Amino acid sequence: MKRTSSIFMLFLLLGIVCTSIAQTAAPADYFAGKWEITIFGTPNGDSKMIADLARTDGKLTGHLKNAADPEAEKIVITSVDEAADKITLGFSAQGYDVTLDLSKVDEDNLKGNLLNMFDATAKRVK
């Protein structure tokens, strides 16, 4: 009887340890990192930007820069709304508040639109 209860306690303790280890694994931060964003059909033609997103104090923040001109001034992202598979970036461009909605396609690609007018895609920069 004593041996059976010892084996039971061992398995119970082992189960608790395995469960606590599994819960401490950090979730993947899908949207953080660099993304090459292409916006199609703007009045100035297709536009490419690099978004650099980082999680600070639990919130995504970052900036955009013109992919064609690395010396150009960075555009600060003023708001980020994120869900499990979708992100909305808010920023100012030429004096206007602009939103870019992107949804997850796969592990390295996003698809969406700028101001509900222009199609956009994004690819993770590795």
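The protein chain exposes about 8,900 Å², and carbon and sulfur atoms supply 57% of that area. Accessible areas here come from the Shrake-Rupley method with a 1.4 Å probe, and for residues only the protein chains shown count as cover.

Before I go on: this is a predicted model, where local features need pLDDT of at least 70, side-chain atom pairs count only at pLDDT 80 or more, and totals for chains, interfaces and linings use all residues. Residues are numbered from 1 along each chain as its sequence is written, and side-chain values use heavy atoms, with hydrogens and water left out.

Of the 126 residues, 26% count as buried, meaning under 20% relative accessible area; exposed is over 50%, and partly exposed is in between (1.4 Å probe, protein chains only).

Now the elements. The protein chain has one helix and eight strands, in the order α-β-β-β-β-β-β-β-β from the N terminus. These are DSSP runs numbered from the N terminus: helices are H or I with at least four residues, strands are E with at least two.

On to contacts, that is, heavy atoms within 4.5 Å. Among contacts with a separation of 6 or more, 30% join residues 24 or more positions apart.

Is Asp 46 buried or exposed? Asp 46 is exposed, because its relative accessible area is 54%. Leaving aside neighbours within four places in sequence, Asp 46 is in contact with Ile 39, Phe 40 and Gly 41. For Gly 41, the backbone nitrogen lies 2.9 Å from a polar atom of the Asp 46 side chain. Finally, Ala 120 is 74 residues from Asp 46 in sequence, with the C-alpha atoms 9.5 Å apart in space.

Notes: Polar contact = N/O pair within 3.5 Å; in protein donor to acceptor, adjacent residues only side chain to side chain.
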